[in-house]
Amino acid sequence: MNRTTLSLIAGVTALAAVTGFAALDAPHASGSSTAKTAARLPVEQTRLLCPEPSTSDIADTAYTSFTPVSQGTSGSGKAQLTPAGAQSADSTDTGKSGSGGKGGKGGKGGKDKAQSDAPTVTPKDPGTPVTADSSGSDTPALIGTATGRLAPGWTVQETTQVAAGAGRGLLGTACTAPDTEFWFAGASTAASRTDYVHLTNPDDSAAVVDIELYGKDGTLKSTVGEGITVQPHASEPILLSTLTEAQEPDVTVHVSVRSGRVAAAVQALDDKLGGDWLAPSTDPAGSLVLPGIPKDATDVRLVAFAPGDSDADLKVRLASPSGEITPAGNETLHVKGGMTTAVDLGDVTRGEAGSLVLTPGDTPVPVVAALRVVRGKGAKQESAFIPATAPVGTRASAADNTAKGSTLALTAPGGTATVKVTASAGSDGGTAATKEYTIKGGTTQNVDAPVPSGLKGTYALTVEAVSGGPVYAARMLQTTIEGLSAFTVQTLPDDRGTVAVPEADQDLSVLLKK
């Protein structure tokens, strides 16, 4: 092995260990050489960004930070959340930045929020969640970094209760990692909706972002959605209805970053159906899984979008506790290229646990999708969103669970699979507990998840693959707010707590020729 190959290995290994973003899968060599499987090491740094939770003066927000216990970690670690920096109005780009510009919330943003008291969340050890609370409308967006043994699988849950007003209810989101592209199916510019896309920049240089909106007939014309500047360590809430004059009930939002990177999340506030966070859909794909539809859902609306010019024909299936079934009257869905398509599925779960599975017809075409789910009737209706998500993979966690207010849904759309579920110690006391579950292929189960013995406070649930096919998971939180049965749903994609690196003696000379 020559010196160049050794340098490549050292460089990739160092990059992977420090950032957690690098992954290198060596191709199989021809001839007698056999490529070795890349080792997986715990990441040593994780970045997460939490959007500004609410502009309501009566909002109460809880933050829960949790890192699962990982093998191969040792030594010290640190995790902290700091408020996003203020951006003054005179540093914006002619109405293209959120604080004081045409697209943003105006007087609620900027210096007042950044200078207010932000919640302090300082976890010390893996395996035990740490919580903090904040009240009112002045809580800023938060920028988080975890290092060392607190980095692998680090998750932060932001959960807000709003008792009255537009978007009242329970709003929850898992704080997200920065990236350069996001897709949101299920947003709206209708008069009854107030939807914001929150953009948070964790880096030392400004990010430049484009926001594209797609309705039932294609692109919604906008000139102010291009070249939005997000200043370093700042957050910008952009009101979608200011980007276009069109009032569309179902809109797909595409956030793309020209330079830098951001985290993005959509806050959807409805005059009658309450509010929640809409998390990004997984990357466009021919097959999608949307797990964890509440069994008592009174209305389910599917929103799908096919990027590009090709139409997509999708088979629609519901993975129920007894197997896959076809929703009556909605066996297939035709999605025109570049256009948003929506269909009402009604009370599709009919009192049982369920997950929606979308598969291609004759020719796979990448799509993104999400569900808007409604529970309750009349004035007691509340809504939440379930985006298409990636599988649990190796491991995934959801924080801020309570003994009676959490439901864990697991679905195995392919073959039968076994997973291990661990309930962490409580934030204020309690002992961790673990159970294994076998999920039959093609089914969804609302499992009787473990609860820490002697629980005090809240706890985290960690799902780990044991054997079998891929498993998808979602966690529902529910509570009662002023007589309203409020809820929120978060999916559990792989936590990316490890990164693939080559073995020290692996010959990577073939990669130098690529």
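The legends below describe close-up views of a predicted model. In this predicted model, local features need pLDDT of at least 70 and side-chain atom pairs count only at pLDDT 80 or more, whereas totals for chains, interfaces and linings use all residues. Residues are numbered from 1 along each chain as its sequence is written, and side-chain values use heavy atoms, with hydrogens and water left out.

**View 1. An open sheet of four strands.** The strands (DSSP runs of E, at least two residues, numbered from the N terminus) follow the order S32-S28-S35-S36, with antiparallel pairing; two strands pair if DSSP finds at least two bridges between them. Strand S32 (443-447) and strand S36 (484-491) are the edge strands, each pairing on one side only. Strands of a sheet pair through backbone hydrogen bonds, either parallel or antiparallel.

**View 2. The pairing of S35 with S36.** Strand S35 (residues 472-481) and S36 are joined in the antiparallel sense over eight bridges. Leu477 stands opposite Thr488 in S36.

**View 3. The largest nonpolar core.** A nonpolar core is a set of buried Ala, Val, Leu, Ile, Met, Phe, Trp, Tyr and Cys residues joined through side-chain atoms within 4.5 Å, where buried means under 20% relative accessible area, exposed over 50% and partly exposed in between (1.4 Å probe, protein chains only). The largest such core has 31 residues, and Leu302 is among those with the most contacts inside it. A second, separate core of 29 residues includes Phe182 and Val197.

View 4. Gln45, found in strand S2 (residues 45-50), is partly exposed, with a relative accessible area of 30%. Gln45 and Trp154 are 109 residues apart in sequence and 9.3 Å apart in space, C-alpha to C-alpha.
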